[in-house]
Amino acid sequence: MTELTIALAGNPNVGKSVVFNQLTGGSQHVGNWPGKTVEKFEGKLNFIGRNIRIVDLPGTYSLSAFSQEEEITRDFIKKEKPDIVIDIVDAASLEQSLFLTLQLLELDANVVIALNMIDVAKEKGREIDAKMLSRLLGVPVVPTIATQGKGIENLMIQSINITGRRKKKERKRFPRDVSKRYEYIHSIVKKCQKETAVGRTLTERLDSVLLHKYAGYLFLIAVLLLMFFFIFELGDVTSGYIEQVVYYFKQNIPPEISSNGLFLFLWKSVVEGIVAGLTVAIPYLIPFYIFLAILEDSGYLPRIAFLTDGLMHKMGLHGKAFIPLFLGYGCSVPACIGCRIMETEEQQFLTAFLATMIPCAARSVIILGVVGAFLGFGWAAGIYLFNILVVFLLGFILSRFIITKPVGLIMSMPSYKMPDISAILRRTFLQVKHYIFIAFPIIILSTFAINALDFFGFLRYISDFLSPITVGLLGLPSIIGITLIVGFLRKELAVVLLAALVGTENFSEVLTPLQMIVFTIVSMFYIPCAATIATLVKEFGWKKATLVTVFEIVLAIALGTVASKVISAIGVL
Amino acid sequence: MVLEKKEIEEYLEIMYRKKQKGEEITTTGIADELSVSPASVSEMFKKLEKRGFVKLVPYKGVTLTKKGEEAGKSILRKHHLLEDFLTLFGLGRRRAHAEACALEHALSKEGEKVFERAMKGAKGKNAKSLCSLRAGQKGRILYITGGMAARRRMIELGLPPGTVVKVLRISQYGCPIELLVRGTEIAIGRGIAEKIYVEVIE
């Protein structure tokens, strides 16, 4: 028998990924939808002797091709005509979910409805007569509680059943007018849903604290700090271990090989390229993916957006942008990936753009190691504040150019749920694998290129070539040019290399206080590191990644020049 | 000449709608929508190109120029204004749509302003921006002003005019606000809430 294709459709936050995970278990794989930044999850399943391919469509509220997700869902159903579309409906918000259901039926899809989260609906005092709903819509309706695996088997049986008796049905027609359509939906819901008054639900009780005007913010700060700690402490430890292992390995290579110039070159360019990728991105990426998935699946993410919307609006974004920007303080890579939670590609891009300018942990090493160590905490704090100001202003200005269709915050506030850890771990594994395939070649190639330049002694020429900028405009020593180029690989290397080049870690001997400030400002803005550029390429394509890179180089030089002139004019240092 | 102006506007409106949806403007697509032959569509495309409204894409169709986009946008705006106006005063959505289709071509810029003012006046009496409601209050949506994109989004999330919403919670800075709509909790930002006008019913 031929392979069956089943597509999963539904609103965001209805437990679609949980159903997907229940169905496909370990045999999943992830890619991108052609030409889109949205991830495509697919999996295989063998059910009572039938080979079935499951495609997890992105969560949408409708099929009007307003967002990438909607376009993908609509096109897939229209063009690839899956044998069955399982529409996962939130039993606790039946009325809202049915809007999409009607649109799916109008596309002539073979629909089976999974009436999910009946437990949550019950808690809200809503009981739904599945048989009645099935009769009214003319398609099978299967009650499920996906998180507990309840009803999943029945869902598959029903799905395979309807492919067997596929008869030519007349195309379904529903009222075209939206208000009428909602009235129609309302009449359906009225016939099959019984509502009883209940006390305050768990979600309501939690929200009264978590969205409270003071307690809510305190909790938010606590969660963010925990997340920060979790991602970066864990990342740091893993990153350190990986470095140690590589170092140990290198120690044990016989000296006659390790002192060989060619060996050193290959080691530096290939192995250290991989190490850079492994230590910069992966250790932070894994905990990040896990934490973000927990925030998303538990239903807390929309609450964060709710709390921070007012602030983000001033930057031309809305509440959801807060998370990636905050993550930027740790590492720009997860920050850029986190921009996926924004609705439109424009907003994703603007958020990522701004996130790359937030000083990541590596840049904090420069800020604290140079300015903080030699000029004091006040100046370091000043640099951070200056950065926030610049990012804020740029957001304010850039949003006017980048955002052509502003989308305000509209989102549903789902009930809180216990996240399914095994599903999250599985998804994280897939996403990290996908990341390695795309980003690693770029990281390794650029490491190779810079080391080749170094090997043939070209770095000096480049720093001489750059001296009109480094010396002329910024008033820095010419040698800084080299550190800036190497900083492209890993920002904190700029400091390490600077120390090596000038032969001392006491920078006050070689740099004036003003030069330290300028060096730090330039390092903070001048270019995203190789791993970040690789991520930008993966998420937004070459063109936009180049745009961000060039823009930030120009911005860094401009800000550095202005800072150098202004500070020396005022004469505070 | 008069007939031609109406035809041109009708084309521009449809093309602009398609562009907004991100669809390509093809000869057959337009022909289907207007129930005319592809031949007359391509003839019209040539006329439109001469006037600088579109650029021809060989074997495919056309793309709108800046000028064409502006013109399409303006006619669509008039359409929505008229449709909202007629609905506000009691005409059914469908009827209002049909009438707006006919009237939009006759409405001048000045006329548009008059309608806008009249709308504001009529709405002023009992219509309040959703932002001004207190937590716990209920309101019925009268109309939604503003951009197409946000409007469509609201409709899809279940907020077309006529919908009863209950304000559950207002964030510390006034907005976003959390609403109960058709048994579902949704949050909307200030920018959108300001564009939704409601009459308070409870």
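Predicted model: local features only at pLDDT ≥ 70, side-chain atom pairs only at ≥ 80, totals over all residues.
- Chain A has 25 helices and 10 strands; helices (H or I, at least four residues) and strands (E, at least two) are DSSP runs, numbered from the N terminus.
- Chain B has eight helices and nine strands.
- In chain A, 47% of the 573 residues count as buried.
- In chain B, 36% of the 202 residues count as buried.
- Of the contacts in chain A between residues at least 6 apart in sequence, 73% join residues at least 24 apart; two residues are in contact if their C-beta atoms, placed from the backbone, lie within 7 Å.
- In chain B, residues 24 or more positions apart account for 54% of the contacts with a separation of 6 or more.

**Strand 5 of chain A and its neighbours**

- Both faces of strand 5 of chain A are covered, with A:Ile84, A:Ile86, A:Ile88 and A:Asp90 buried on one side and A:Val85, A:Asp87 and A:Val89 buried on the other.
- Strand 1 (residues 4–10) of chain A runs parallel to strand 5 of chain A and is joined to it by five bridges; two strands pair if DSSP finds at least two bridges between them.
- Opposite A:Ile6 stands A:Ile84 in strand 5 of chain A.
- Strand 6 (residues 111–116) of chain A pairs with strand 5 of chain A in the parallel sense over six bridges, and A:Val89 stands opposite A:Leu115 in strand 6.
- From strand 5 of chain A the chain passes through helix 3 of chain A to strand 6 of chain A in a right-handed β-α-β crossover (with the strands pointing away from the viewer, the path from the first strand over the helix to the second runs clockwise).

**Helix packing in chain A**

- Helix 1 (residues 16–24) and helix 19 (residues 421–455) of chain A pack at an angle of about 85°, with their axes 10 Å apart; axes are lines fitted to C-alpha atoms, for helices over the stretch in contact, and angles run from 0 to 180 degrees between N-to-C directions.
- That angle makes helix 1 of chain A roughly perpendicular to helix 19 of chain A (angles under 35 degrees count as roughly parallel, over 145 as roughly antiparallel, 65 to 115 as roughly perpendicular and the rest as oblique).
- A:Ser17, A:Val18 and A:Asn21 in helix 1 meet A:Ala423, A:Arg426 and A:Arg427 in helix 19.
- The residues of this contact between helix 1 and helix 19 of chain A divide into two nonpolar, two polar and two charged; Ala, Val, Leu, Ile, Met, Phe, Trp, Tyr, Cys and Pro count as nonpolar, Asp, Glu, Lys and Arg as charged, and the others, Gly among them, as polar.

**Contact between the chains**

- Chain A gives 32 residues to the contact and chain B gives 33 residues.
- On the side of chain A that touches chain B, two or more residues each come from helix 3 (94–106), helix 7 (178–192), helix 13 (301–313) and strand 10 (410–412) of chain A.
- Helix 13 of chain A gives the largest share of that side, six residues.
- The side of chain A that touches chain B has 15 nonpolar, 11 polar and six charged residues.

- Seven strands form an open sheet with antiparallel pairing, in the order 10(A)-8(B)-7(B)-6(B)-5(B)-9(B)-4(B).
- Its edge strands, each pairing on one side only, are strand 10 of chain A and strand 4 (128–129) of chain B.
- Strand 10 of chain A pairs with strand 8 (residues 184–188) of chain B in the antiparallel sense over three bridges.
- Within strand 8 of chain B, B:Ile186 is the bridge partner of A:Ser412, and B:Ala187 stands opposite A:Met411.

Terms used:
Residues numbered from 1 in each chain as written. Chains lettered and ligands numbered in written order. Buried ≥ 20, exposed ≤ 12 C-beta atoms within 10 Å, placed from the backbone.
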